[in-house]
Amino acid sequence: MTDLNKLNESIISGDLNTSVQITKEALAEKTDPQEIIQKYMITAMDVIGGKFERNEVFVPELLMAARAMKGSLELLRPLLAASGIEPQGRVIIGTVKGDLHDIGKNLVASMLEGSGFEVDNMGVDVPSDKIVAAVQSKEIDIVALSALLTTTMPSMRDVIEALKEAGVRDKVKVIIGGPAVTQEFCDQIDADGYSENANGAVSLARKLLAS
Amino acid sequence: MRTTGIQELLKSRSLLFCDGAWGTIFQFAGLKPGESCELWNRDQRKKVLEVAQSYVDLGVDMIETNSFRGNGITLAGIGLENDAVELNRLAAEISREAAGDKCLVLGSVGPTGKILMMGDVSENEMYDTFAEQVHALEQGGADAICIETMSALDEAELAVKAAVENTDLEVVCTFTFVKTMSGDYKTVMGITPAQMAEKLLSAGASIIGTNCGYGMEAMIPIVKAFRDFDSNIPLLVQANAGIPKIEDGKTVFPETPDEMAGHVPDLIDAGVSIIGGCCGTTPDHITAIMNKAKVYHTANS
């Protein structure tokens, strides 16, 4: 039997090759994909995310872990889809109009994806109408918005206003992030939550969907 | 009198002064979100020159150039990659025009916004884009290259090497550190001041330091960390005027000139060599800093 604890360890240490290798072995032994993800992979992302939040590891370690996680997920996803298993939630994420910064946004996307969410990464400089169109046309639970610059933070408000105008604000939870984002700002623009870091974004998304 | 460089100036004076922010001043002057600061070197030359002149007039020892996001990789994000050479050369020419022989011009080079380990750009591409930028800044009349707001060691090292190998200029490099839960300072990539100093000095930087961050007070422990590593290397500090807040839809930097200046004595005691400002600072902030430093110097000599 493959020791799946090694999968957990290899994701935490960011070892892509080992995590892909063990996943293949486990699948060859007909292990339930859902069990692999829930018991060994999401727990690994929780561990590395916690270390990141406590400043025990930094962006490179988080990126490596997310990459290892993704490598394994790519093998498992088709099997999940085939057996009709739903993701934890469906997220669209983007950096708002006027802002071209993508590092923080991509970190959050990787962490959400690694934690079992289906993530559609819309890129940078995303206009409000594109987000509204996505919410109208697809089944989406969470809209995640990023802005690095204080000058582009007001674009987050624009997105929320546009969702309201289109009558779809209540269809989704809107979460926001960026170095200058605060709870006060979050309340001002009527977002559903904000997080200071990528790991916090995962707990926030889980919390909002559970409520 | 135009001097040969920063290190030369530091032989006769223990403390030098640098300019404050440009980008945040452009925002007050009408720069729109998403609009390129660097494009103003061509389209709003007068406004850029005014900012440069406002700092030169304070009697600072050096000013920077409006080229922070002027590397080809970042400019490609807004379709301006083919304008990189021109926009950087113009940036240096504008600062040179304002500075004349009165002060030095530091060509500003910021991060590309790409992480090498993600594989979006190669080391060669990154090196080449920095080489192109620093060469253009030298052509436009810069006296030194200031690689700033860096957090990744590999990217900063490539930028320093590109500057050392493609120009005859002094190379300054500053990192942005964040406070960790254990209370020490590291970049978001996990790099300590000592690790940064060791790597970049061996890559050929002759002046190092820290910029941006959480305001003036937070720079003091970072300077101490640098000094624990090396007691002699010239250290540049350019702090933000605090952490920006949004008030009534407008960006506000909370630290007043007096508040920032209040930390100058501690910064001097910690061992800073050059003080300037980053986001949110204005000529008023730099004036207050210079005055405070002079008073402190007189009282202690």
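Visitor: In which strand of chain B does T149(B) lie?

Guide: The model before us is a predicted one. In it, T149(B) belongs to strand β4 of chain B, which covers residues 144–150.

Visitor: Is T149(B) buried or exposed?

Guide: Burial is read by counting C-beta neighbours, and 20 or more within 10 Å make a residue buried. T149(B) has 22 C-beta neighbours inside 10 Å, so it counts as buried.

Visitor: Which residue of chain A has a positive phi although it is not a glycine?

Guide: D125(A) is such a residue, with a phi of about 55 degrees. D125(A) is located in the loop between β2 (118–121) and α6 (128–137) of chain A. Its count is 20 C-beta neighbours inside 10 Å, and therefore D125(A) is classed as buried.

Visitor: Where is K114(B) placed, and why does it count as buried?

Guide: K114(B) sits in the loop of chain B between β3 (104–109) and α7 (123–139). K114(B) counts as buried because 21 C-beta neighbours lie inside 10 Å. Its partners in contact, leaving aside neighbours within four places in sequence, are I73(B), D120(B) and V121(B). The C-alpha atoms of K114(B) and T74(B) are separated by 8.6 Å, although these residues are 40 residues apart along the chain.

Visitor: How should I read the packing of two helices? At what angle do α8(B) and α9(B) pack?

Guide: One reads the angle, the distance between the axes, the handedness of the crossing and then the residues that meet. Helix α8 (residues 153–166) and helix α9 (residues 193–203) of chain B pack at about 25 degrees, and their axes are 9 Å apart. Since angles under 35 degrees count as roughly parallel, α8(B) and α9(B) are therefore roughly parallel to each other. Their crossing is right-handed.

Visitor: Which residues of α8(B) and α9(B) meet?

Guide: From α8(B) come L153(B), A156(B), E157(B), V160(B) and K161(B); from α9(B) come Q195(B), M196(B), K199(B), L200(B) and A203(B). The residues of this contact of α8(B) with α9(B) comprise 6 nonpolar, 1 polar and 3 charged.

Visitor: What is the angle between α6(A) and α7(A)?

Guide: The angle is about 45 degrees, with the axes of α6(A) and α7(A) 9 Å apart. These two helices are therefore oblique to each other. α6(A) passes α7(A) in a right-handed crossing. On the side of α6(A), the contact is made by S128(A), D129(A), I131(A), V132(A) and V135(A), and on the side of α7(A) by D158(A), V159(A), A162(A) and L163(A). By class, the contact of α6(A) with α7(A) has 6 nonpolar, 1 polar and 2 charged residues.

Visitor: Let us turn to whole chains. How many helices and strands does chain A have?

Guide: Chain A has 9 helices and 5 strands. In sequence order they follow the pattern α-α-α-α-β-α-β-α-β-α-β-α-β-α. Buried residues account for 51% of the 211 residues in chain A. Of the contacts in chain A between residues at least 6 apart in sequence, 75% join residues at least 24 apart.

Visitor: How many residues does each chain give to the contact between chain A and chain B?

Guide: The contact takes 22 residues from chain A and 21 residues from chain B. On the side of chain A that touches chain B, α4 (59–82) and α7 (154–165) each supply at least two residues. α4(A) gives the most to that side, with 3 residues. By class, the side of chain A that touches chain B has 11 nonpolar, 7 polar and 4 charged residues.

Methods. Residues are numbered from 1 along each chain as its sequence is written. Chains are lettered from A and ligands numbered from 1 in the order in which they are written. This is a predicted model: local features need pLDDT of at least 70, side-chain atom pairs count only at pLDDT 80 or more; totals for chains, interfaces and linings use all residues. Axes are lines fitted to C-alpha atoms, for helices over the stretch in contact, and angles run from 0 to 180 degrees between N-to-C directions. Helices (H or I, at least four residues) and strands (E, at least two) are DSSP runs, numbered from the N terminus. Angles under 35 degrees count as roughly parallel, over 145 as roughly antiparallel, 65 to 115 as roughly perpendicular and the rest as oblique. A crossing is left-handed if the near helix is turned anticlockwise from the far one by less than a right angle, and right-handed if clockwise. Two residues are in contact if their C-beta atoms, placed from the backbone, lie within 7 Å. Ala, Val, Leu, Ile, Met, Phe, Trp, Tyr, Cys and Pro count as nonpolar, Asp, Glu, Lys and Arg as charged, and the others, Gly among them, as polar. A residue is buried if 20 or more other C-beta atoms lie within 10 Å of its own, exposed if 12 or fewer, and partly exposed in between; C-beta atoms are placed from the backbone.
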